[in-house]
Amino acid sequence: MVKEYGPVMALNGVDFEACPGQVTAIVGDNGAGKSTLIKIIAGSVRADSGDFELGGVPVKLGTPHAAAALGIATVYQDLALCENLDVVSNLFLGRESLAKPLIGPLRRLKEPEMYRAAAETLESLSVTLPSLRTPVAGLSGGQRQAVAVSRAVLWGSRLILMDEPTAALAVGPTAQVLALIRRLAERGLAVVVVSHSLPEVFSVAERIYVLRLGSNAGVFERSTTKPQDVVAAITGGNALMEGMIG
Amino acid sequence: MTLSSVGSDAPERTRGEPWMRVKRLALLRPRLGAEAGPVPVVIGLIVIWGYFESQNANFLTARNLSNLVLQMAVTAILAMGVVMVMVAGEIDLSLGSVTGASACLLGVLLTLDHWSVAPAIAVTLGFGILIGSVQGAITALVGVPSFIVTLGGFLAIGGVQLALAGSAGEIAINDGTVLAVANDYLSSAVAWGVVGAVIVALAGVEMARRRSWSRGSPGAQPWWPGLLRVVVSAAVLVVATLVLNSYFGVPYLLVGLVGLAIGLGWITRRTGFGRHLYAVGGNAEAARRAGISVTGIKIAVLAASGLLAAVAGIVSASRLYSVDAGTGGGTLLLEAIAAAVIGGTSLFGGRGRIYNALLGALVIDSVENGLDLLGESASTKNIATGIILVLAVCLDALNRRRRSRAGGR
């Protein structure tokens, strides 16, 4: 899979690839363009120029619908959950199963079907929640994160994007989410993770992209890389790095 | 006083001895239910009815309750519109003006231009939808807050109403069909037939829902909430019909009102559109990223409230036998918003139920009706309504704060 971008306001000619069955990490300083890159692939922001390929076929991205149709799902940093709705409603947000008889949006919700599919997905990911009918407002941070990840798993058949999936989590839930990310890759999905935490990135990702000021600043394979090299690429100077270590 | 001086005033402590100690700390967490539901409003209603009955024994008579139903209809129809708009996180301040302008338009078409009733009503309803859609489009596409757009609509449509009514002053409504809307009653036999049919239909729907759940056993709800819903609805319908039949009968208007509430309740709670409505009100950005057309929902919801205002206009015209520049004016809009809010609708979007708007309107109009019966002046009525509104919202806010404190971590 190849994705390329021409100049965007926040991104300046970034190249990026993600492979099925692998976790690819994107790291970089604040304002490096990580979240923008994710949002463009997710379709919630439109790139000014650039080409996308999925499985060797050129595709068009730019709307949430286009991304969804291609099997791309996203876990946003703010989770993008509706706190007033229950877990099932959030998992099926915008993709509700509707019964046939009436036309258009006034069709009846098929609630049992959605409930069953939601329960199955959560179980397959070993996510346990007090009740699927609880409004999300009543869940803890880790549980909300799990709901957001499960939603992506439910809909992302090929590529799952995660923007800072562990930023708001305590140690326990963080480990759970990282394990979840590994399991997704093992299922053959391409997983892309944006993170600030290098230890996390090294524990979960096969390949690490560094962005700096809206441009590529290096690609590293975990097996052949030391964390210091990545830090150097993030901060933008080996000299600085040597000073810090020395 | 400096920090060190504080330290020197404090009693001496031995190093290593705990200075602050917490033992067996506990915080009881009330169970997070979905919503408080209609119970607080019903309790409030019972208190209000009890008070007025104790002051004037005419309050709970069949005749007065029949009047109350007719009185609350316009407020209740508008309150349902308010609930839908507020659930989507918007507001519609033009409801009163659209009600008045629709009523005047109907009067002009029927009485001055001698249209037949069906096209006149169709054009009136179309007028409401048009005004609502335009306001919705400006709100959603241009991004002007609906508060401002509908404030402009309130003034502009009020002007349209003046223009429509102006040339003739007061326009009498003589059409039999329109007058029947708010002034005719079902015969006793028909009323019982309708009540029976509605109860059977409700039970059928609950049983069908239960069957569809039990096919896939996970998540099936216990049997009693469904049964409770049917029993309570049936009891309310039977008692109301008994009482109303001992006077003139069940008003057409009540049948229409309940039908509207059931229809809108179904749309908001059981359809894809309804789910998206709550999603947009709960978190518009999340809804947008999930591929929901936030623009479409906002336009649709303001168009729906315009349509409901036109319906309310037709009902007003029917009830008062005439229309003029004052129809739909006064405190009507604010009472409709108050009814929605008393029913538990959140001003910030994402929370509210159609049925509760009906209850809220019943509260507001019970107070009005009761104070009328006691011979109180308009000033007392306004003060009482205002206090009840603020009281209801305070109770709701306190209740919610307690819940969210217990739920948040």
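**Close-up views of a predicted two-chain model**

**Figure 1. Contacts of B:Ala76 in the predicted model.** Apart from neighbours within four places in sequence, B:Ala76 is in contact with B:Leu257, B:Ala339, B:Ala357, B:Leu358 and B:Ala361. B:Ala76 belongs to the largest nonpolar core, which has 174 residues. Along with B:Ala79, B:Val82 and B:Ala357, B:Ala76 touches the most other members of this core. Helix α13 of chain B, residues 294–320, gives the core its largest share, 16 residues.

**Figure 2. Packing of helices α4(B) and α13(B).** Helix α4 of chain B covers residues 95–112, and its axis lies 7 Å from that of α13(B). The two helices pack at an angle of about 55 degrees. The crossing of α4(B) past α13(B) is right-handed. On the α4(B) side, the contact is made by B:Leu95, B:Val98, B:Thr99, B:Gly100, B:Ser102, B:Ala103, B:Leu106 and B:Gly107. On the α13(B) side, the residues include B:Ser305, B:Gly306, B:Ala309, B:Ala310 and B:Gly313. Sorted by class, this contact has nine nonpolar and eight polar residues, with no charged residues.

**Figure 3. The contact between chain A and chain B.** Chain A contributes 31 residues to the contact, and chain B contributes 29 residues. On the side of chain B that touches chain A, at least two residues come from each of α8 (188–215), α10 (252–270), α11 (272–282) and α12 (284–289). The largest share of this side, six residues, is supplied by α11(B). By class, the side of chain B that touches chain A has twelve nonpolar, ten polar and seven charged residues.

**Figure 4. Surroundings of A:Ile72 in chain A.** Chain A has nine helices and ten strands, and 45% of its 246 residues are buried. A:Ile72 is found in strand β6 of chain A, residues 72–75. A residue is buried if 20 or more other C-beta atoms lie within 10 Å of its own; A:Ile72 has 26 such neighbours and so counts as buried. Leaving out neighbours within four places in sequence, the contacts of A:Ile72 are A:Ile41, A:Ala42, A:Ala67, A:Gly156, A:Arg158, A:Leu159 and A:Leu161. A:Ala42 is 30 residues from A:Ile72 in sequence, and their C-alpha atoms are 6.8 Å apart in space. Across chain A, 65% of the contacts between residues at least 6 apart in sequence join residues at least 24 apart.

Conventions. Residues are numbered from 1 along each chain as its sequence is written. Chains are lettered from A and ligands numbered from 1 in the order in which they are written. This is a predicted model: local features need pLDDT of at least 70, side-chain atom pairs count only at pLDDT 80 or more; totals for chains, interfaces and linings use all residues. A nonpolar core is a set of buried Ala, Val, Leu, Ile, Met, Phe, Trp, Tyr and Cys residues joined through C-beta atoms within 7 Å. A residue is buried if 20 or more other C-beta atoms lie within 10 Å of its own, exposed if 12 or fewer, and partly exposed in between; C-beta atoms are placed from the backbone. Helices (H or I, at least four residues) and strands (E, at least two) are DSSP runs, numbered from the N terminus. Two residues are in contact if their C-beta atoms, placed from the backbone, lie within 7 Å. Ala, Val, Leu, Ile, Met, Phe, Trp, Tyr, Cys and Pro count as nonpolar, Asp, Glu, Lys and Arg as charged, and the others, Gly among them, as polar. Axes are lines fitted to C-alpha atoms, for helices over the stretch in contact, and angles run from 0 to 180 degrees between N-to-C directions. A crossing is left-handed if the near helix is turned anticlockwise from the far one by less than a right angle, and right-handed if clockwise.
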